Amino acid sequence: MHQMTKPKRYWMTRVDRDAPAGVQPEFPTHPQADALATRRAFLKTAGFSFAGLAAADCGSAPQFALPHTQQPELTPGRGYSYASTCGACEAACGLLVTTHDGRPTKIEGNPDHPLSGGATCAVGQASILGLYDSLRLTYPTRGGVRTTWADVDAEILAALGSARQNGRAVRLLTGTTTSPTTSALIRTLVASVPNGRHVVYDPVSSSAIPDAYLVTHGLRLLPHYRFGDADVVVSFEADFLGTWIAPVEFTRGYTARRRAGDQGVSGNAHHVQVESRLSLTGSKADRRIRVAPGDVGHIASHVALRLSMLAGAPLPWTLEEAAVDSAVLDELTERLWASRGRALVVTSSQDVGTQVVCNLINQLLGSYGTTIDLDRPSNQRQGNDNDLQALRAELARGDVAVLIVAGVNPVYDLPDSAGLVRDLERVEHLVSVADRLDETARLAHVVCPDHHYLETWGDAEPVAGVVSLSQPTIRPMGDTRAFIESLTAWSGVPQSAYDAVRANWEQSIYPRAGAADLFSAFWNRTLERGVVELTPTVAAPLVFSGDGLSPVDRVAANAGGLALVLYPKVAMRDGRHAHNAWLHEMPDPVTKVTWDNYASVSPATAERLGVSDGDVVRVVSGDLMVELPAFVQPGQHDGAVAVALGYGRAGTERFNNVGPSWLQARTREGPVGRSAAPFVVAGDGGRRYDGRRITVTKTERRHRLASTQEQHSLAVPGAVAPIGTSEHSVVQETSVADLGHGGHPHEPHPDLWPRDHQYPGHRWGMTIDLDSCTGCSACVVACQVENNVPVVGPDEVSRHRAMHWLRIDRYYAGDDDDVTVAHQPMLCQHCEQAPCEAVCPVLATVHSSEGLNEQVYNRCVGTRYCANNCPYKVRRFNWFDYPREDVAANLVLNPNVTVRSRGVMEKCSLCVQRIEEGKIEASRNGVAVADGDIKTACQQSCPAEAIVFGDLNDPQSRVSTLAAGGRTYRVLEELNTRPAVQYLKIVRRDENESHG
Amino acid sequence: MAEVGQALELPLIAGNKRPGDVTNDVMGVIERRPSLLWWGGLLLSVVALLIGLVAVTYQVATGIGTWGLNGTVGWAFDITNFVFWIGIGHAGTLISAILFLLRQKWRTSVNRSAEAMTLFAVVCAGIFPLIHLGRPWLAFWMMPYPNGRGPLWVNFQSPLIWDFFAISTYFTISALFWYVGLIPDLATMRDRAKTPLKRKVLGWLSLGWDGSFRTWHRYETVYLLLAGLATPLVISVHTIVSMDFATSILPGWHTTIFPPYFVAGAIFSGMAMVLTLMLIARKTMRLEDYITPRHIDVMCKLVVVTSGLVGLAYATELFSAFYSGNAHEQFAFINRATGPLAWGYGIMVACNVLIPQLLWSSRVRGRLLAVFVISIAVNVGMWFERFIIIVTSLERSFLPSSWSSYTPTLIELATLLGSFGLFFTLFLLFCRFVPAIAMAEVKGVLHPHPRPPAEADGTSSVLAEVKV
């Protein structure tokens with residue numbers, strides 16, 4: 001027996017050595033470990049946790065989630081895409097959700113989706129941040145106290161049971177539900193109680209459209225507008241490229257039609273916008289007609305009358321003289337008449353009479369069956385303001401026993417919220433299915449928080465026949481429950497959302513699909529692709545009935561009076577995403593203001609009122625009053641005061657601390673913006689957003705509007721010489737006629753010097769079609785998500801320190817009344833002879849062999865000389881550490897992109913991480929990178945398909961073809977920086993050339 | 001004409017001094033207890049310095065965002081102050097080197113302080129490029145040193161690297177030149193030192209000066225050589241500083257006239273600063289005999305000349321913009337003169353071109369208070385010149401969408417104040433511990449034969465006329 005040797009014990013300090021054996025922890029903790037819950041530590045923990053969660057997901061339920069592209073196994077660190085459906089609004093665009101190690105980090109459009117076709121909007125792009133919002137409710141509550149789902153269900157079932165017995169009213173109040181499964185379950189639930197009814201309203205109502213179809217076609221429906229089939233589009237106030245119904249799909253169709261032709265230009269396309277405020281859509285119009293708020297009905301009546309004359313069946317109308325020059329109307333009418341069958345007239349007016357006149361015009365133009373599809377109507381707006389009005393009456397009478405409010409926030413959305421709150425307090429059982437304690441959920445007895453749409457199974461049929469699936473991309477972050485599951489539980493047959501959706505698909509969708517294979521195969525195929533198109537069951541075609549149509553009278557002229565126009569803003573829409581910092585920081589496409597709503601007035605009115613940007617004005621109508629900063633908006637009608645909806649949401653006070661805190665930081669108080677919802681007019685004909693007479697008075701206070709752009713025109717004021725008016729203009733325009741003459745293909749300047757860079761392999765480049773770009777800013781947010789761009793807050797924005805790598809410059813031309821607008825996405829131009837590269841002392845910005853201007857963050861010392869020398873001013877400096885307002889939002893960070901620290905410069909990298917990923921993937925497969933394989937985040941999201949990225953060394957690539965076209969130019973070409981980003985000129989389709 | 005003749009007759013040093021008087025006068029300043037005025041000045045300067053220190057500490061700890069800069073205006077107070085201080089420094093080198101080579105004997109009274117001023121100004125200047133960095137702790141990356149990153153070198157194309165070399169060279173040569181000039185005086189101090197330790201230290205510092213012919217001979221040779229070495233620096237440093245702007249592509253910066261324009265401006269501002277300091281020093285340290293109206297007069301003339309050069313540069317800039325036919329260029333200059341910072345442009349032209357014209361008049365040159373006010377005006381004007389060049393060009397460049405404006409924050413104002421605090425603290429300490437007047441050199445320009453008292457009285461009556 002040999003003596004056992006004691007194992008050697010190593011020690012680090014004498015304290016260690018002298019301590020009794022076995023006492024030391026294996027990993028000594030730092031004395032301040034608890035205090036070290038830093039961002040990094042948090043990220044590490046969170047990253048591991050979610051990797052674990054994902055692994056758990058994969059292990060336990062592999063039958064659930066199927067990647068878009070079949071993979072043998074999941075590789076940690078790789079991003080995977082899952083087809084899903086966007087739940088940010090009712091347009092329900094198709095999505096591919098990219099997840100990294102079990103957490104969604106980016107959403108992209110699903111290219112297979114027939115409506116959205118791979119594009120998304122800014123709101124959709126930003127909606128992923130909502131998933132990681134730590135202020136979301138993570139558990140059900142009863143009486144404001146955390147409880148269990150069993151408890152909640154017991155209470156609700158008891159309430160429903162007693163209502164069933166007593167015949168008391170049970171009401172389910174929701175927004176538009178595009179999900180067939182949810183709709184079916186709602187029908188089941190409502191049918192299970194004798195006095196049950198489902199009331200639908202849209203926060204921003206469009207109920208006048210279905211109401212008008214009830215008049216003209218005998219059926220309450222929202223038609224499917226096909227902008228892609230319309231050459232001539234006339235829009236009366238409808239902001240169809242910005243916010244109206246399905247802006248992504250409409251933008252796609254609209255821009256595709258305008259591009260159909262030689263050199264990507266259709267000479268036939270023409271767009272007339274008749275509106276009182278300058279909307280995003282109006283900014284793209286070939287002809288914009290300014291009218292007083294509410295006057296569109298009268299003008300539409302004039303158009304209808306003229307068209308009826310041209311059609312040879314004049315209407316027996318006698319109309320007051322229109323507010324618009326009759327020559328303009330004549331021309332408009334003739335243009336429409338000449339494009340019969342290729343014309344589309346839309347209006348967002350909430351006046352049923354105006355909508356009816358619009359239907360009449362479309363009937364006269366033969367739009368039904370060509371540019372307006374009634375056979376496959378849209379489900380994207382199902383709200384019925386008459387039902388809502390009836391519900392409010394019931395509530396006022398105290399007739400409702402159980403009210404379930406799901407996905408909407410009536411206390412915020414609807415006018416007379418004080419009255420509504422009073423009535424809601426009298427409801428015996430008020431159940432809210434909200435994701436947070438919003439204005440309505442605060443009153444509810446029971447709150448049943450819904451999943452975020454990225455956490456749940458679901459489906460959508462935004463337009464009849466286009467059905468898509470949603471699949472969860474992460475395990476729910478809290479003890480929330482899908483609304484579908486709540487509905488099944490309250491119907492008495494609890495089911496998982498997966499089972500409910502699958503069952504409903506097997507029952508109702510699968511038979512409609514007429515698929516030859518088994519349901520499971522059909523299901524898997526659809527799940528992977530995300531969407532399926534069904535052939536519609538065509539009922540008897542709807543017939544237009546022109547009986548008893550009457551024109552709309554002119555709004556009584558109110559000399560010098562002001563009328564309010566309430567509108568949804570491109571980023572904030574109806575306010576349901578008011579907790580999204582990305583959307584608050586996204587500059588409005590037209591005004592370029594962030595973090596606020598404001599009262600827009602025309603320059604003439606501003607002068608009359610003696611106000612300028614930022615002067616707080618008091619807007620009064622009867623006993624309603626709101627104080628808002630004024631904003632002077634060229635192109636707006638002098639009688640209109642435009643205020644955005646969706647602001648002033650409860651809880652947005654959280655953003656008062658967003659941004660760095662330092663000595664001279666200016667913080668704000670109260671919610672972000674002020675709510676204009678009380679000013680909505682709720683009448684018998686539905687909620688109306690324009691026309692309320694108001695008085696506006698200036699106060700002595702000022703409120704700093706955080707705008708990203710101070711100078712609004714390319715023409716420089718006063719005695720200063722104009723720049724950009726010569727041939728080397730920043731924004732260049734051409735006309736259809738000029739293009740017909742071939743234009744001039746872009747030729748590089750001859751140069752005596754040898755080229756600095758050879759680009760032996762790829763030469764990445766981009767073209768941006770300014771004619772297509774609508775300024776919708778989806779790219780701005782897509783870039784922010786993809787590249788981990790921080791939110792800096794209103795104070796920093798007003799100090800011109802916004803961090804967006806991609807911004808959209810907006811310029812006005814013309815006078816204050818009749819403005820022409822140009823949107824110009826501006827990002828790093830990746831110059832071949834980059835002014836920034838020469839001046840960096842430490843070589844932190846260098847040129848790659850593939851033509852990229854690369855910023856090396858960890859080498860940058862922050863002299864900012866590069867930014868000073870950048871003629872495009874696209875470089876962004878980290879003035880501070882810009883922490884996320886919500887630490888949970890760190891989970892959305894793209895792991896492939898460095899998070900920059902303070903003191904370093906950053907800028908657009910042309911999504912170098914995507915380029916590298918694409919190259920690696922191609923090399924792994926042993927093939928060359930194919931054109932279109934690599935898409936930058938901005939390009940991917942763009943609904944207008946204005947951005948094309950690719951290899952300029954490949955003469956066949958789309959980007960090379962476009963760059964070689966006659967519309968190409970480079971911004972500030974005279975500086976000979978030789979940018980790799982090239983622009984295609986705007987095509988002005990003005991009156992004269994279309995005749996010529 | 002009589003006045004001019006009289007002026008020529010005036011000795012360089014008043015008061016009918018003998019060499020021993022010079023030593024006593026100059027050393028007296030050091031050896032006496034400091035005056036209340038000095039204490040007061042030091043207190044003010046140190047307070048200003050501390051305010052600046054707090055500001056810079058806060059800025060480094062919090063972020064450069066505590067300055068009023070933005071995405072469009074990436075430089076403003078920082079580089080303005082840098083160029084301003086570098087410019088101030090130039091007069092010292094000019095006086096000590098170029099005027100030495102040109103045998104301008106009047107320089108002896110002012111060269112020591114002027115050189116000290118150069119050193120301190122360069123110290124102040126050097127702080128700004130350092131603290132203006134986003135990550136100042138990595139400033140050493142600007143140095144080309146062997147490293148394990150490849151090795152990764154600096155970008156020799158970047159004017160900021162040229163700047164780094166130019167300024168470090170300048171500082172080294174200036175310090176060396178100043179020190180070498182100080183050696184004989186250090187020996188004097190050693191000889192008068194009362195404690196053995198002081199004697200020992202000063203003995204080392206004076207490098208064992210023994211006052212022998214050989215020592216003097218070698219000293220003079222070295223001094224001449226250093227003067228020769230320093231002379232090109234007067235031109236080169238500000239030329240290179242101007243290239244920070246001239247090599248950019250920004251309209252208003254990208255100008256070939258910048259090197260001579262900046263050098264002239266630097267000498268102009270430096271002379272003004274020397275005047276300011278000398279007028280204060282002669283008053284507070286009772287050095288009226290050494291810094292006489294004649295010195296002031298000569299320096300005033302240099303100010304007028306350089307003011308003319310600067311004015312010519314302004315006019316040339318405008319003309320070349322007009323003549324270039326380049327819209328961007330034209331816009332930059334119209335904007336500079338009439339844009340949002342037109343008031344600053346007005347200050348710049350008034351202080352740098354118009355006000356110094358008063359110095360054509362010998363009566364103005366003789367009124368030291370007027371000269372003092374004018375010299376302050378020139379300092380202000382030259383600060384504004386740099387500010388206007390930097391900010392107006394940046395805030396309205398090529399794309400109107402990115403136009404912006406600039407307002408300094410409290411932190412920046414405190415930093416500027418701090419740099420003055422540092423400058424004056426160093427200068428006041430210098431006055432206390434180092435002979436503010438080059439005794440050895442002044443002794444060389446004393447009247448070889450001291451005049452009888454009657455004439456000396458005449459001289460002092462001239463002095464008495466000078467209104468201070």
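## Two chains in contact: a predicted model

In chain B, 83% of the contacts with a separation of 6 or more join residues 24 or more positions apart. The model is predicted.

**Chain B as a whole**

Chain B has 17 helices and zero strands. Its radius of gyration is 23 Å, close to the 23 Å that the globule rule gives for 468 residues, so chain B is as compact as a globular protein of that length. The C-alpha trace spans about 75 × 60 × 40 Å along its principal axes. How many of the residues of chain B count as buried? Of the 468 residues, 50% do.

One residue shows the other side of that picture. Trp137(B) sits in the loop between helix 5 (111-131) and helix 6 of chain B. Is Trp137(B) buried or exposed? Trp137(B) has 11 C-beta neighbours inside 10 Å, so it counts as exposed. The cut-off for exposed is 12 or fewer. Lys17(B) lies 120 residues from Trp137(B) along the chain, and their C-alpha atoms are separated by 53 Å.

**Two contacts**

Chain B touches chain A. This contact takes 48 residues from chain B and 49 residues from chain A. On the chain B side, helix 6 (159-192), helix 11 (327-338) and helix 15 (410-433) each give two or more residues. Helix 11 of chain B has the largest share, with seven residues.

A second contact lies inside chain A. Chain A is divided into domain 1 (208-378), domain 2 (562-707) and domain 3 (733-995). The C-alpha centres of domain 1 and domain 3 of chain A lie 35 Å apart. Their contact takes 22 residues from domain 1 of chain A and 24 residues from domain 3 of chain A. Helix 7 (247-259) and helix 8 (280-284) of chain A each supply at least two residues of the domain 1 side. Helix 7 of chain A gives the most, seven residues.

The table sets out one side of each contact by residue class.

| Chain B, touching chain A | 24 residues | 23 residues | one residue |

**A sheet in chain A**

Strands of a sheet pair through backbone hydrogen bonds, either parallel or antiparallel. In chain A, four strands form an open sheet with mixed pairing, in the order 38-31-40-39. Which strands stand at the edges? They are strand 38 (947-951) and strand 39 (968-969) of chain A. Each has a single partner strand, so one side of each is left without a neighbour in the sheet.

Strand 38 of chain A runs antiparallel to strand 31 (residues 764-769) of chain A, and five bridges join them. In one of these pairs of residues, Ile768(A) has Ile947(A) of strand 38 as its bridge partner.

**The nonpolar core**

The largest nonpolar core has 416 residues. Which of them touch the most other members? They are Ala122(A), Ile361(A), Val641(A) and Val274(B). The largest share of this core comes from helix 9 (residues 258-284) of chain B, with 17 residues.

Take Val641(A) as an example. Leaving out residues up to four places away in sequence, Val641(A) touches residues including Leu562(A), Val601(A), Val619(A) and Ile694(A). Ser600(A) is also among them.

Notes
Residues are numbered from 1 along each chain as its sequence is written. Chains are lettered from A and ligands numbered from 1 in the order in which they are written. This is a predicted model: local features need pLDDT of at least 70, side-chain atom pairs count only at pLDDT 80 or more; totals for chains, interfaces and linings use all residues. Domain bounds come from an automatic or database domain assignment. Two residues are in contact if their C-beta atoms, placed from the backbone, lie within 7 Å. The radius of gyration is taken over C-alpha atoms; the globule rule is 2.2 Å times the number of residues to the power 0.38. A residue is buried if 20 or more other C-beta atoms lie within 10 Å of its own, exposed if 12 or fewer, and partly exposed in between; C-beta atoms are placed from the backbone. Ala, Val, Leu, Ile, Met, Phe, Trp, Tyr, Cys and Pro count as nonpolar, Asp, Glu, Lys and Arg as charged, and the others, Gly among them, as polar. Two strands pair if DSSP finds at least two bridges between them. A nonpolar core is a set of buried Ala, Val, Leu, Ile, Met, Phe, Trp, Tyr and Cys residues joined through C-beta atoms within 7 Å.
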